[in-house]
Amino acid sequence: MIDKAALGNLFEGLRAAVTIADQDFQICFMNDRAVAFYAEGGGEKLVGQNLLDCHRDEHKTVIRAAYDRYRAGDLTPTRYHARKEGGALESIVHIPLMVGGQFRGVAELIWNERADLVFEG
């Protein structure tokens with residue numbers, strides 16, 4: 001079980017959009033930045049909705065595959081980059097959440113990056 005009150009305290013003020021979906025694809029938490037980021041799609045009303053209902057079919061396949069990989073024990077975060085209108089670089093990372101050694105969901109973090117502050121190691 002994911003403690004929703006604790007999530008609010010943990011992610012308050014974080015300058016990234018944070019959305020948490022549980023192991024059954026149910027969105028259970030969005031911080032203020034996520035609510036604003038997904039405002040056109042429903043914002044705060046997305047809490048309680050099925051994550052898969054918010055995506056196109058090709059993205060549903062990718063999401064299901066990531067959940068299957070996490071359930072199988074490969075806990076490597078999934079990272080995406082997108083270039084938005086105007087050239088802004090957006091980073092998205094999906095991080096599996098483990099509670100008591102069991103897969104309990106995924107945290108999605110989205111933030112904008114400045115190209116001049118991106119360093120490759």
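Helix H3 lies across strands E1, E3, E4 (89–99) and E5 and runs at about 130° to E5. Contact here means heavy atoms within 4.5 Å, and helices (H or I, at least four residues) and strands (E, at least two) are DSSP runs numbered from the N terminus. Axes are lines fitted to C-alpha atoms, for helices over the stretch in contact, with angles from 0 to 180 degrees between N-to-C directions. The model is predicted: local features need pLDDT of at least 70 and side-chain atom pairs pLDDT 80 or more, whereas totals for chains, interfaces and linings use all residues. Residues are numbered from 1 along each chain as its sequence is written, and side-chain values use heavy atoms, with hydrogens and water left out.

The open sheet comprises 5 strands in the order E2-E1-E5-E4-E3, with antiparallel pairing; two strands pair if DSSP finds at least two bridges between them. E2 and E3 (78–83) stand at the edges with a single partner strand each, so one side of each has no neighbour in the sheet. On average, neighbouring strands are turned by 20° against each other, direction ignored. The antiparallel pairing of E1 and E2 extends over 3 bridges, and Ala 21 stands opposite Ile 27 in E2.

Leaving aside residues up to four places away in sequence, Phe 25 touches Gln 49, Asn 50, Leu 51, Leu 52, Ile 63, Arg 64, Tyr 67 and Arg 71.

Aromatic pairs number 4, where rings of Phe, Tyr and Trp (its six-membered ring) pair if their centres lie within 6.5 Å, planes under 30 degrees apart counting as stacked, over 60 as edge-to-face and the rest as tilted. The ring centres of Tyr 70 and Phe 103 are 6.0 Å apart and their planes at 40°, so this pair is tilted. It links distant parts of the chain, Tyr 70 in H3 and Phe 103 in E5, 33 residues apart. Both Tyr 70 and Phe 103 are buried (under 20% relative accessible area, with exposed over 50% and partly exposed in between; 1.4 Å probe, protein chains only). Ring pairs join Phe 25, Tyr 67, Tyr 70 and Phe 103 into a cluster.
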